[in-house]
Amino acid sequence: MDVMPKWADVVLIPLISILLAAILSALVILAIGENPWEALKLMVDGALGSTYGWGYTLYYATNFIFTGLAVSIAFHARLFNIGGEGQALIGGLGVAIICLYIPWPHWSLALLGAAIGAAIFGAAWAAIPAFLQAKRGSHIVITTIMFNFIAAAVLNYFLIGALKAPGMEPATAKFPEATHLASFQDMFNFGETTFFRGAPANITFFVALAACVALWALIWKTRLGYEIRSFGHSESAAKYAGISPTKIIMVAMLISGALAGMMAINNVQGEAERLVLNAVEGAGFIGIAVALMGRSHPFGVLLAALLFGFLYQGGAELALWTSIPRELIIVIQALVILFTGALDNMVRMPLERLFLSMRRAKNDGRTI
């Protein structure tokens, strides 16, 4: 029987961890001579105070939803897919090929084609480390890290070679007009009133929400999801029940790679409308923190992605209007990751003791 109720594990522990990270961040900001309260207000106003700020926050959150979900499905199979960065890069290659070489009549069809292409390319890139883990016993963490660097080299090869547009920049040509996705500015344009003006958020955000629902249904409402969770809890028990470890490792990693690859429809097709170097910008690694904070649950991943989207956009505003360096925002993000991941037991263990004592008191007919 669990010591803590589910709501405490899903909501209370992350909330306390974020609060601790915020307190420590405030002390750091105070130490460099800035006002923490003013810094917080500036971050909130920059990220949430206008539809422009919301547009950037949701754009970043969309990237983190995909990479967070990718890490989450692997976590359920007790696999640490740290290769989301490379899988998203290769997913971008799939998006570029689909958009450049197929004459799409409308962006809706191009979105469907690009999503499929990104998923296939991302899954294919994840399949190699998965096979090495399932058949050769290679550690998935080592191989996926290595494949991040290989993916960057592969992308560089194509962007200075076969896919390079005329000019000095290592990038593809601009995608055709028919492949340009509907932005929030297009979708929420009401004559003289236009929301999200100039922000990169686009319809991919709703694709990310659909991915959250689809992954929730897969993990908790299907036989395959039950097998993945069973394997993650106990490989030996799963094998005894007839569940193939090779099948679970391959399937979980293929889904994980496909989700990471689908991030490219947001940043490559939706925002840049071409493929450039370093298009992922670290979102693959942020996905690990998002999955940890979200407890590998799609709804938790969504909330954690929104938080990190806020930190990214609010941090950019903070660096722009104060003397606080951009690097300090990375420190704040690192503190959030530290408290929600590595120091999780620092919060969990006292809470478990508290709930255990409350339960014992209830059983003894006493109150605390």
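## Exercises on helix packing and surface features

L19, L20, I23, L24, L27, L30 and M346 make up a nonpolar surface patch whose accessible area totals about 630 Å². Patch members have over 30% relative accessible area and no salt bridge, with like charges joined within 9 Å and nonpolar side chains (Val, Leu, Ile, Met, Phe, Trp, Tyr) within 5 Å. Accessible areas come from the Shrake-Rupley method with a 1.4 Å probe, and for residues only the protein chains shown count as cover. The model is predicted: local features need pLDDT of at least 70, side-chain atom pairs count only at pLDDT 80 or more, and totals for chains, interfaces and linings use all residues. Residues are numbered from 1 along each chain as its sequence is written, and side-chain values use heavy atoms, with hydrogens and water left out.

**Exercise 1.** Find which helix gives the most to the nonpolar patch.

*Solution.* Helices (H or I, at least four residues) and strands (E, at least two) are DSSP runs, numbered from the N terminus. Helix α1, residues 6-31, gives the most, with six residues. L24 is in helix α1.

**Exercise 2.** Describe how α2 packs against α3.

*Solution.* Axes are lines fitted to C-alpha atoms, for helices over the stretch in contact, and angles run from 0 to 180 degrees between N-to-C directions. The axes of α2 and helix α3 (residues 51-76) lie 5 Å apart, at an angle of about 85°. The two helices α2 and α3 are therefore roughly perpendicular; angles under 35 degrees count as roughly parallel, over 145 as roughly antiparallel, 65 to 115 as roughly perpendicular and the rest as oblique. G46, A47 and L48 of α2 touch G53, W54 and T57 of α3, where contact means heavy atoms within 4.5 Å. These residues divide into three nonpolar, three polar and no charged. Here Ala, Val, Leu, Ile, Met, Phe, Trp, Tyr, Cys and Pro count as nonpolar, Asp, Glu, Lys and Arg as charged, and the others, Gly among them, as polar.

**Exercise 3.** Locate the salt bridge of E38.

*Solution.* A salt bridge is a side-chain nitrogen of Lys or Arg within 4 Å of a carboxyl oxygen of Asp or Glu. The count by this rule is five salt bridges. E38 pairs with K41, with the closest N and O atoms 3.3 Å apart. Both residues lie in helix α2 (residues 36-48), three residues apart, about one turn of the helix.

**Exercise 4.** Work out the arrangement of α8 and α9.

*Solution.* The axes of helix α8 (residues 204-221) and helix α9 (residues 223-233) come within 5 Å and cross at roughly 70°. On the α8 side, L218, I219 and W220 meet L224, G225, Y226 and R229 of α9. Five of the contact residues are nonpolar, one is polar and one is charged.
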